[in-house]
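This report looks at one protein chain, beginning with a single residue and then widening the view. Please keep the sequence and the structure at hand while reading.

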Amino acid sequence: MKVRVFTNGCFDVLHPGHIDLLNRAKALGDHLTVGLNSDSSVRSIKGPERPVFSENDRRDVLLGLAAVDEVIIYDTLTPETLIHNIKPDILVKGGDWRENEIIGADIVIKNGGKVFSLPLYGDYSSTKFIERLRQTSEEVIGEEMIDSLDEHLAVFEELRGTQNIAIEECGSLLVDIVQAGGKLLVCGNGGSAADAQHIAAEFVGRYETERRALPAIALTTDTSALTALANDYSFERIFARQVEALGNSGDCLLAISTSGNSPNVIAAAMEARSRGMKVIGLTGKNGKKLASLCDKCILVPSERTARIQECHITIAHIWCEMVDRSIAANSDA
């Protein structure tokens, strides 16, 4: 019986690291299936300027490789449903993904299969390559740096143009959670801890209109309990342990990480998914790792922490307004 191997990704601009990974993945079995992010899911994970090549072009390039036997395009942010349907014997991801961060690992292991996180070959990155091309092709006009306020306004303008639909979809999901009586759990560490506390305070407080307190819970408070958890379970499991204690199917986790790479936040997202919770991500331009683990995600079009955090707070205020309008509509009905 053939051993079926599965891996997934965007594979936008193929580089030697991709080829090495696919060759080593195929060597683990007899038939290699590649799950390929659709154009819309690539935009959700990597931003509105990606992909460079269409999903059909990317599929054809992959099928031209000797290691690849099959390519299946999927339109969701994660390949979880696809993995569940095809039931591979072996699941493979690159070494920048630890086994406990790999979507579908639980499904494969439960079915008696194996999961491999293979060491990366070299320091190759499609994103870095594309950025280098842009830098060499763009003419630098003048030496004067844009001031902070102009930069702030430019980021908000781009946010409105590229993320307005995603913001509305996330807000609608939060409205559904609240109307169904679910809880909103909010987590973020580092600078995002302040964002998480601010957002939780807005959801449980009065905000702009009189309303009942919403069941929002911040997972970033600086308490002795948090310190004890840090000592007992390691820093990277603090939020995940709290999700275990507080989260249930029908609840929602708002996972905040400006970089999208926080192991603590990613562990919480994985735990929330395993409990049947919805996961909404708030991250920055390069936060593809967190985005690919969420049901819905907002990628602020900036790499600067200050700009990203400003947008996160503004987006949360919009969501508060949407929740308030839904409550008012139900009260009038």
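## A buried valine

In this predicted model, V265 has a relative accessibility of 1%, and because a residue under 20% is classed as buried, V265 counts as buried. Its place in the chain is in helix 11.

Leaving aside neighbours within four places in sequence, the residues in contact with V265 are C187, G188, N189, F239, A255, I256, S257 and L290. One of these contacts can be followed through the sequence: V265 and C187 are 78 residues apart along the chain, yet their C-alpha atoms are 6.8 Å apart in space.

## Helix 10 beside helix 11

Two packed helices are described by the angle between their axes and the distance between those axes. For helix 10, which covers residues 238–246, and helix 11, which covers residues 263–274, the axes come within 7 Å and cross at roughly 25°. That angle makes helix 10 roughly parallel to helix 11, and the crossing of the two is right-handed.

Which residues in helix 10 and helix 11 meet? From helix 10 come I238, F239, A240, V243 and E244, while helix 11 brings N264, V265, A267, A268, E271 and A272.

In soluble globular proteins, nonpolar side chains tend to be buried together. In this model the largest nonpolar core has 33 residues, and those with the most contacts inside it are L254, I298 and W319. At least two residues of this core are supplied by each of helix 7 (148–179), strand 6 (184–187), helix 8 (191–204), strand 8 (252–256), strand 9 (278–284), strand 10 (296–300) and helix 13 (305–332).

A second, separate core of 20 residues includes I45, L185, A268 and L290. Among these, A268 also takes part in the contact between helix 10 and helix 11, and L290 is a contact of V265.

Returning to L254 of the largest core, and not counting residues up to four places away in sequence, L254 touches L184, L185, V186, C187, I199, I280, L282 and W319. C187 is therefore a contact of L254 and, as described above, of V265 as well, given that contact means heavy atoms within 4.5 Å.

## The chain as a whole

The chain contains 13 helices and ten strands, and buried residues make up 48% of its 333 residues. Among contacts between residues at least 6 apart in sequence, 73% join residues at least 24 apart.

Technical notes. Residues are numbered from 1 along each chain as its sequence is written. This is a predicted model: local features need pLDDT of at least 70, side-chain atom pairs count only at pLDDT 80 or more; totals for chains, interfaces and linings use all residues. Side-chain values use heavy atoms; hydrogens and water are left out. Axes are lines fitted to C-alpha atoms, for helices over the stretch in contact, and angles run from 0 to 180 degrees between N-to-C directions. Helices (H or I, at least four residues) and strands (E, at least two) are DSSP runs, numbered from the N terminus. Angles under 35 degrees count as roughly parallel, over 145 as roughly antiparallel, 65 to 115 as roughly perpendicular and the rest as oblique. A crossing is left-handed if the near helix is turned anticlockwise from the far one by less than a right angle, and right-handed if clockwise. Buried means under 20% relative accessible area, exposed over 50%, partly exposed in between (1.4 Å probe, protein chains only). A nonpolar core is a set of buried Ala, Val, Leu, Ile, Met, Phe, Trp, Tyr and Cys residues joined through side-chain atoms within 4.5 Å.
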